[in-house]
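These notes are meant for a colleague who is opening this structure without having seen it before. They take up a few places in turn, and each point can be read beside the sequence and the coordinates.

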Protein chains: 2
Amino acid sequence: MKPTIFTRGVPPRESLPVDALADCAHQVVLENGPEILQYAPAAGYQPLRELIAQQCSVPAERVLLGQGSLQILDIILHCLLRPGDEVAVEQPTYDRVLTLMRRTGLQIMPVPLQKNGLDLGKLEDDLKNGRNIRLFYVIPDFQNPSGRVMTLEERKELIALSQTYQFTIIEDAPYRKLRYSGEDVISLFDLSPQGVIQLSSFSKLISPGLRVGYAVLPQNLIKVINEYASDTYINPSYLNHAIVYRFIANGYMQDHLAFLKALYAGRLQTMLSALQQQLSGRCTWTQPEGGFFVGLWVDDAMRENIYSKNAEEFGLKLSDGRGFFVTGGENFIRLPFCALQTDEIQDGIQRLSKMLTT
Amino acid sequence: MKPTIFTRGVPPRESLPVDALADCAHQVVLENGPEILQYAPAAGYQPLRELIAQQCSVPAERVLLGQGSLQILDIILHCLLRPGDEVAVEQPTYDRVLTLMRRTGLQIMPVPLQKNGLDLGKLEDDLKNGRNIRLFYVIPDFQNPSGRVMTLEERKELIALSQTYQFTIIEDAPYRKLRYSGEDVISLFDLSPQGVIQLSSFSKLISPGLRVGYAVLPQNLIKVINEYASDTYINPSYLNHAIVYRFIANGYMQDHLAFLKALYAGRLQTMLSALQQQLSGRCTWTQPEGGFFVGLWVDDAMRENIYSKNAEEFGLKLSDGRGFFVTGGENFIRLPFCALQTDEIQDGIQRLSKMLTT
């Protein structure tokens with residue numbers, strides 16, 4: 001039995017615009033070879049910076065292009081914080097960010113994501129009691145791993161808290177443009193363009209392998225973060241930036257995004273239907289309108305089955321839910337749906353139901 | 001007057017094989033798109049790892065490909081050392097490495113490069129007296145910034161010291177294949193394939209902008225360094241690795257290297273002749289047989305002219321020699337010759353002579 005792989009949140013092979021990217025790669029090297037094949041400033045390929053700046057209504061100098069957004073986050077953590085500093089995250093959150101924060105020696109305060117939302121009340125109590133949070137890392141749209149979207153009220157409250165208690169918000173937004181139904185909620189960045197660092201990337205929109213991520217930085221951090229990036233890797237690969245720029249400038253993006261949304265919307269619908277059919281009343285899960293993931297919370301009665309059973313015997317590969325939590329997570333399962341065919345999703349949820357309930 | 005730029009060691013525009021790289025980029029995306037456009041292991045594109053491994057006579061698992069070799073060095077420093085640890089470098093050495101070491105909180109012990117060679121006697125005395133050097137970073141071939149090649153005796157002595165006193169040697173070898181005359185000296189890595197970490201890159205051989213560097217790691221460091229790399233940026237861009245692989249596999253490398261050597265050999269010769277003509281008896285300089293740089297030591301009598309005069313008024317842009325030194329360097333000037341035309345080199349050295357002697 002071929003296992004259903006519910007582990008990594010990767011785009012499927014069929015989503016990659018191979019032919020268009022081959023043409024873009026050829027075109028940019030021929031047209032801009034001497035520039036993109038040379039050493040260059042750390043901030044990244046100027047035409048792509050300008051394009052992103054235009055979309056965000058900021059000057060291009062505020063856009064830093066890198067090699068994926070994770071590494072930019074690493075640089076930001078190094079520039080803004082010292083070992084022992086305290087930072088906050090949603091719980092659950094993106095496991096790789098927890099790893100980065102831990103190795104930087106940061107204290108991580110989890111703010112629980114619950115059925116009724118992000119527990120900002122607890123955060124406020126802690127801040128009132130003198131807890132010194134320096135930074136809040138948050139994925140407001142189709143969160144990894146839960147799939148949840150932060151409400152407008154939560155966004156406003158979080159920004160108000162950041163202003164009162166003087167902490168930096170990092171908004172990671174790689175899934176934001178992958179909305180399959182419903183309406184956008186205004187981004188934290190648009191609510192507070194001077195006070196929020198927005199991270200995003202083209203990994204989920206064009207190709208992860210190109211490693212093109214970016215940050216929109218506040219004016220006062222541009223110099224220090226650019227210098228740290230330059231000291232680390234001189235400059236990121238402009239070739240990759242230029243390919244992304246060319247893909248957009250050639251007009252491929254709009255159709256490609258429509259194609260991705262159509263592809264993923266069906267898979268999400270299949271996932272939600274399968275969960276309803278197999279696990280209704282026995283587990284709770286999010287109802288995402290976009291992104292890559294559904295977050296599943298297993299009822300306490302079945303929780304021990306996650307660890308006592310061997311998932312592979314049931315034809316499953318599962319991430320360990322605890323990886324997304326600072327503490328706890330034993331009853332959490334992340335279910336990525338984008339890279340699975342309809343029948344794989346249906347089989348996978350049936351197998352999961354069997355594993356959890358027998 | 002257009003200034004002569006003696007600052008950065010970059011390959012000239014005319015050295016970049018633009019058309020071949022455009023074809024390689026197109027070819028690799030078409031042929032391997034789904035692999036190189038996807039997330040992947042941090043170690044890098046397997047065919048290029050295997051090719052490098054073959055050249056170094058090691059198993060491919062020992063080769064880590066990254067995004068330039070500087071960042072791999074940063075990762076190695078993080079994995080092997082703690083703030084306060086002591087490391088050694090040649091003095092002068094590559095300025096960016098000093099920056100990395102300082103920001104990692106390392107104590108840097110300079111080992112002077114003198115007329116009669118690297119002062120390993122002083123290093124040995126210090127080690128005997130209990131100084132705990134954890135790592136020695138060295139550029140044995142056509143060193144940046146001096147252009148010097150370490151003798152076989154020095155190489156053997158350094159390796160013997162590293163074995164007696166248990167420190168790691170990092171051999172950075174980006175210029176090694178750019179020898180324009182004379183014979184190769186065996187690399188530190190080949191003298192001690194288990195005990196030396198070799199770094200290199202394709203920045204000086206194909207294109208800096210591709211950001212393809214690599215390390216050949218000892219067996220016991222493979223896991224920890226791969227994990228740190230993965231935790232930092234998930235994976236480097238396989239597209240760039242695949243382009244380099246394709247460039248070599250298509251057979252372009254041999255001719256390209258011959259072209260580079262012919263181009264740079266003439267420029268080096270012009271530089272050495274101009275120095276002989278303009279500054280003989282008044283300065284000393286290295287006599288490199290390859291690489292990118294000639295290192296110039298200004299006699300004490302003229303030293304103050306470097307700082308009291310405004311180089312730009314003499315039509316020059318110079319690096320501050322002190323950047324390559326832990327202490328001192330006031331009488332050192334790095335002279336990169338590869339990116340300058342013959343007449344620019346002649347004019348530049350004439351201007352330098354004027355600045356130093358009037």
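This is a predicted model: local features need pLDDT of at least 70, side-chain atom pairs count only at pLDDT 80 or more; totals for chains, interfaces and linings use all residues.

1. As to the elements around the largest pocket, α3 (69–80) of chain A, α3 (69–80) of chain B and α8 (222–233) of chain B each supply at least two residues of its lining. The largest share, four residues, comes from α8(B). Sorted by class, the lining of this pocket holds nine nonpolar, six polar and six charged residues.

2. The largest cavity has a volume of about 200 Å³, and of the 19 residues that line it, the closest to its centre are Ser69(A), Tyr94(A), Asp172(A), Pro174(A) and Lys204(A).

3. Two elements of chain A, α3 and β8 (196–201), are the ones that give two or more residues to the lining of the largest cavity, and α3(A) gives the most, with three residues. By class, the lining of the largest cavity has eleven nonpolar, five polar and three charged residues.

4. Which residues of helix α5 (residues 120–128) of chain B are buried? They are Leu120(B), Leu123(B), Asp126(B) and Leu127(B). Seen down the axis of α5(B), these buried residues fall within an arc of 115 degrees, so they line one face of the helix. The cover over the buried residues of α5(B) includes the strands β4 (107–114), β5 (117–118) and β6 (133–138) as well as helix α6 (152–165), which belong to chain B. Just after α5(B), Gly130(B) takes a positive phi of about 95 degrees.

5. Thr4(B) lies in strand β1 (residues 4–6) of chain B. Is Thr4(B) buried or exposed? Its relative accessibility is 5%, and because buried means under 20%, Thr4(B) counts as buried. The side chain of Thr4(B) makes a polar contact with the side chain of Arg351(B), at 3.1 Å. Leaving aside residues up to four places away in sequence, Thr4(B) touches Gly315(B), Leu316(B), Lys317(B), Leu340(B), Glu344(B), Gly348(B) and Arg351(B).

Conventions. Residues are numbered from 1 along each chain as its sequence is written. Chains are lettered from A and ligands numbered from 1 in the order in which they are written. Side-chain values use heavy atoms; hydrogens and water are left out. Ala, Val, Leu, Ile, Met, Phe, Trp, Tyr, Cys and Pro count as nonpolar, Asp, Glu, Lys and Arg as charged, and the others, Gly among them, as polar. Buried means under 20% relative accessible area, exposed over 50%, partly exposed in between (1.4 Å probe, protein chains only). The arc is that of the directions from the helix axis to the C-beta atoms. Contact means heavy atoms within 4.5 Å. A polar contact is a pair of N or O atoms within 3.5 Å; within protein, one must be able to donate a hydrogen and the other to accept it, and residues adjacent in sequence count only if both atoms are side-chain atoms. On a 1 Å grid over the protein atoms alone, a cavity is a set of points where a 1.4 Å probe fits but cannot get out, and a pocket is an open set with protein on both sides within 12 Å along at least five of seven lines; lining residues have an atom within 4 Å of a point. Grid points are joined across faces, edges and corners, and a volume is the space filled by probe spheres set on the points.
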